[in-house]
Amino acid sequence: MTPDIILILVVLTNLRLLGASRIGASVRTVAVQGILLGLLALLAHHGESSSSVWLVAVGGAVLKGVVFPWLLFRALRSAEVEREVEPFVGPIASLLAGVAALGVSLWLAQRLPLPEGAHSSVLVAVALFSILVGLFLIVARKKAISQVLGFLVMENGIYTFGVGLVRESPLLVELGVMLDVFVAVFVMGIALFHISREFDHIDTHELTTLKD
Amino acid sequence: MTVLLVAVAVLVCSGLAALLASGSPRAATALGAGGAVVACVIGLIAAVPFLFGTPAESLRLAWNVPYGTFFVEVDALSAFFLLPIFGLSALAAVYGTEYLQAWRGRKSPGATWFFYNFLVASMVLVVLARNGVLFLVAWETMALTSYFLVTLDHEQDSVREAGWTYLVASHLGTAFLLAMFVLLGRSSGSLDFDRYSSANASALFLLALVGFGTKAGFMPLHVWLPEAHPAAPSHVSALMSGVMIKMGIYGLLRTLTFLGPPPAWWGWVLIGVGLTSGVLGVLFALAQHDLKRLLAYHSVENIGIIALGLGVGLVGVSNGSPVLAVLGFGGGLLHVLNHALFKGLLFLGAGSVLHGAGTREIDHLGGLAKRMPWTAATFLVGAVAISGLPPLNGFVSEFLIYLGAFNGVTQRAGVAVPLLAAIAGLALIGGLAAACFTKAFGVVFLGEPRSEHAARAHEAGAAMRWPMALLAVGCALIGFCAPFVVRSLASVLPLVSGLAPETVGEKLADAVAPLRFVIAGSVAFLVLVAGLAWARRRLLRGRTMAETVTWDCGYAQPSARMQYTASSFAQPLTTLFAPLLRTRCKLTAPEGYFPRAASLSTETPDAARVALYEPAFSGVGWVLARMRWLQQGRIQLYVLYIALTLLVLLVWKLG
């Protein structure tokens, strides 16, 4: 039953992200979510704890729980942004949208045809919910750093899927994805810094003048 | 089979080597052109036996692409198309070594040879491929490499415009082919050619007609031809017009082999397409002032003749008339080879004129026969051949189509009227083509130079002269060895017509008999001409000869500008067909007793482009301009579009 508790905690972190109004809090929440997912990987495969499972779980937790937050806080400091999230959609409305997204994910998870050996439909629902929340964060927040967070949450959703559906070997794929995300966050951090240096802010809303 | 694949490998490797050697133009040219020539010689040696009875060979390898297998095969039909591909590519490569010198210092020959060799390799693969995915990959490689060759001079706006037109037309054509292969694959469960079934045959035929017709240049899908051919370097124009557009014909023929017995209306459609392309193509050619544009419209005309032949053949197959089938398909196929020879020759000749005189404007040229005797002589051979006059090769293929159509008219009442139309159309096309080439040859090579450019023209070097001379010899050889050439079609025709080889051989033998008379007559004519020339020399020996100006209408000082121009020569015909051509004419007529300034300029824009494509594309542009509100420049909004689309698709699929 422990995996389910972790899944519920993941859902709660997602809702916390939707309601957060401070960037620092959001980054920390994403870090917590990353550590939770590392635990999930360990618990979901408890019967067959091989070295690769450990590698993915511990590697993922360290990367998402420690390295990414550190990179993001560093980017925040160097870009000297204000601490507010600056949403297009306010926290209450975001939370309501999140609840709706949770409903949609639960419904989709029941309809989605799954291969044999999937852990539970709750897990699929949580994965879908994380993906939707990530997309929502990307769409509904102004600052570029929120987009990075949204991207991370989406990746967490995909990771959850992977943990639930795959057995041993595709964990290697998971490692590859994690490496990609690491590079992406690294690059985004640098891009954030350069955007803020060039335009004195990282508000993507103001970048509309760049369109064709 | 292996040897052919080796030829492809040589092409690919030499192309890459030329690209790597870009730093040294000499090395790049040697590697690129040398590789192309070696590969083409290897390929020719490997391909010819399949035309003379060697059974088809195939090779099937697994390929890591969904629905794709690396399945290649060479049979008589493939081998027949390989002949012009390898032959003309080798000659055009030799020609290109000198022709590309004009770009020295401005363009790296490495990239040009890379695209050239890949173009040849992709055409070979198109002909060998027996899997839909492999075919489309080769087809697209062919389109892209030729696009990069067309836009060699991409600094010029007109060239970029032409390249863009070509690219758009080419991709629209491929879209139809994609639909065709998807349909074929869906009904049979595999994209390998040998497993296709013929469900939905008529829809597939129409898709193939549009898709392959765009590449071949059927009117009104031909819009890219008169733009792309003048823009490309001349040896590339020769290759594109001589061989690449024939890939459309090959595709159509190959598709017909999967589609089972054809209904009669397919034949009528092809005859209609052929007549339209043939007549309109030659008419638009008459109205052109640009030598290469004129030749490009003649490609449309000749593709029309080929379509006419195939149409007659299809009518024959569906009506159960072997004579019609054999002669129609035979004439169409032979015209593919013939057109590759003489159109290649003419484009190389036009390139030599451009190289020597620096302009393609017919009205600025004149008197080049004295300055460029080789080019003039070979161009004349090409002009006679393309006009379908005996004893050269153009006559042989048109003669087969005539013969077939006449047979059909006299023996089968049901098909008489359309076949009569085909005969009349073919005759009209032949006459107009002869008029057009009289104009082109007469104005460019005879008379006096009309401009400084033409007066300073110089003959091309050996590397450009020999390919032209060889092509001219090829035109004459096919003409004089017609009985042998026609009989060697016997291995190809059973594949496309579905008839027994014995029947095909019998019908071809019947057609050969009248050809012998024609050849005997031609030989007698040539002997007579030679005799007269000899007599003239003999009579003039020991006498003084003086040259004087042509009759000068009472003017004391005739100038070269008083000669007939191309437009004035063609005027009677262009006026007759004015409603079709819609020539735009700007005339400032001379006025008063002592007129000073007067001017006349005419321009004949492509009717299909003006009436069909420009309205259609501006309509598309209008619709897209209305959609601009979607593009707000906000990342959030774009992600929202993607997310909503995915969510809706997911819900729709699972709901």
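Modeller: In this predicted model, domain 1 of chain B meets domain 2 of chain B through 28 residues of domain 1 that are in contact with 27 residues of domain 2. Three helices of chain B each supply at least two residues of the domain 1 side: helix H3 (76-99), helix H9 (234-244) and helix H10 (246-258). Of these, H3(B) gives the most, with 13 residues. Sorted by class, the side of domain 1 of chain B that touches domain 2 of chain B has 18 nonpolar, 7 polar and 3 charged residues. The centres of the two domains of chain B, domain 1 and domain 2, taken over C-alpha atoms, are separated by 25 Å.

As to the bounds, domain 1 of chain B is made of two stretches, 1-178 and 226-251, while domain 2 covers 322-534 and domain 3 covers 611-654.

Several elements of chain B may be described alongside this contact. Helix H2 of chain B, residues 25-51, has 27 residues and reaches 38 Å from its first C-alpha to its last, close to the 39 Å expected at 1.5 Å a residue. After H2(B) comes Gly53(B), with a positive phi near 100°. Strand S1 (residues 57-62) of chain B and strand S2 (residues 69-74) of chain B run antiparallel and are joined by 6 bridges. Within this pair, Leu59(B) stands opposite Val72(B) in S2(B). The two strands, S1(B) and S2(B), form a hairpin with 6 residues between them, and Tyr67(B) in the turn has a positive phi of about 65°.

Another helix of chain B, H17 (residues 416-445), has 30 residues. From first C-alpha to last, H17(B) reaches 43 Å, close to the 44 Å expected at 1.5 Å a residue. H17(B) is followed by Gly447(B), whose phi is positive, near 75°.

Chain B also touches chain A: 11 residues of chain B are in contact with 14 residues of chain A. By class, the chain B side of that contact has 6 nonpolar, 4 polar and 1 charged residues.

The mean pLDDT of chain A is 78, and 74% of its residues reach 70 or more. Among the elements of chain A, the lowest mean pLDDT, 69, belongs to helix H7 (residues 171-199), and the highest, 88, to helix H4 (residues 91-111).

How values were computed
Residues are numbered from 1 along each chain as its sequence is written. Chains are lettered from A and ligands numbered from 1 in the order in which they are written. This is a predicted model: local features need pLDDT of at least 70, side-chain atom pairs count only at pLDDT 80 or more; totals for chains, interfaces and linings use all residues. pLDDT is the predictor's confidence in each residue, from 0 to 100. Helices (H or I, at least four residues) and strands (E, at least two) are DSSP runs, numbered from the N terminus. Domain bounds come from an automatic or database domain assignment. Two residues are in contact if their C-beta atoms, placed from the backbone, lie within 7 Å. Ala, Val, Leu, Ile, Met, Phe, Trp, Tyr, Cys and Pro count as nonpolar, Asp, Glu, Lys and Arg as charged, and the others, Gly among them, as polar. The expected span of a helix is 1.5 Å times one less than its number of residues. Two strands pair if DSSP finds at least two bridges between them.
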